[in-house]
Amino acid sequence: TACKSAREATDRIDQFLSEYREELVSMTGETYMENLVGLAKNKLQMFNSLSEETSHYWNEIVEGRYEWEVHRNEALCLRGITKDDLLQAYDEFLLPRCSDGIKRERRCITVHVIGTSDGACAGRPNIEADRIEEEVDRKISSVHKANSGAIWN
């Protein structure tokens, strides 16, 4: 966003995640199954071109996975995912607050890109182009210092 801070954007995302959970809870079993079947169908679609298929297989080789039928295997795994499984994973990995309202300990990264057009927010840092790398290194060092040098996994 051009006029909200990174903190405000993150707060709005957290608010959306909390509210969206209610939509998941109120979703009927039939609607859940329709979405699950739709996702499986997407995964089982044929490649549109030889180039797309080749890119898929080369990516498997480059990444060292060698899982040639990954889309089929993912579609098979979807058969066993219940709505309760989805809600449990949503609560564990996405929900910003615990059920008792306490903010959940989780890691997220928010990147705030500030444009240079006339409509961009005031107060953005004024950094010369030849000093950008130095400034990025300084900011990264300050984050590491603030986290006691911990390395994120």
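Quick definition to start: a helix axis here is a line fitted to the C-alpha atoms over the stretch in contact, and angles between axes run from 0 to 180 degrees between N-to-C directions. With that in hand, here's a look at this predicted model. Helices α1 (residues 6-26) and α5 (residues 83-93) pack together at an angle of about 170°, and the largest nonpolar core takes in 11 residues.

**How α1 and α5 pack**
- The axes of α1 and α5 sit 11 Å apart.
- Angles over 145 degrees count as roughly antiparallel, so that's the label for α1 and α5.
- On the α1 side, the contact is made by L17, Y20, R21, L24, V25 and S26.
- On the α5 side, K83, L86, L87, Y90 and D91 make the contact.
- Sorted by class, this α1–α5 contact has 7 nonpolar, 1 polar and 3 charged residues.

**The largest nonpolar core**
- Its members are L17, L24, M27, Y32, L36, A40, A75, L78, L87, Y90 and L95.
- At least two core residues come from each of α1, α2 (29-43), α4 (70-78) and α5.
- The biggest giver is α2, with 3 residues.
- As general background, nonpolar side chains in soluble globular proteins tend to be buried together.
- Leaving out residues up to four places away in sequence, L78 touches L36, L39, A40 and K43.

- You'll find Y66 in the loop between α3 (50-63) and α4.
- Y66 isn't a glycine, yet it has a positive phi of about 55°.
- Y66 counts as partly exposed because its relative accessibility is 48%.

Terms used
Residues are numbered from 1 along each chain as its sequence is written. This is a predicted model: local features need pLDDT of at least 70, side-chain atom pairs count only at pLDDT 80 or more; totals for chains, interfaces and linings use all residues. Side-chain values use heavy atoms; hydrogens and water are left out. Helices (H or I, at least four residues) and strands (E, at least two) are DSSP runs, numbered from the N terminus. Angles under 35 degrees count as roughly parallel, over 145 as roughly antiparallel, 65 to 115 as roughly perpendicular and the rest as oblique. Contact means heavy atoms within 4.5 Å. Ala, Val, Leu, Ile, Met, Phe, Trp, Tyr, Cys and Pro count as nonpolar, Asp, Glu, Lys and Arg as charged, and the others, Gly among them, as polar. A nonpolar core is a set of buried Ala, Val, Leu, Ile, Met, Phe, Trp, Tyr and Cys residues joined through side-chain atoms within 4.5 Å. Buried means under 20% relative accessible area, exposed over 50%, partly exposed in between (1.4 Å probe, protein chains only).
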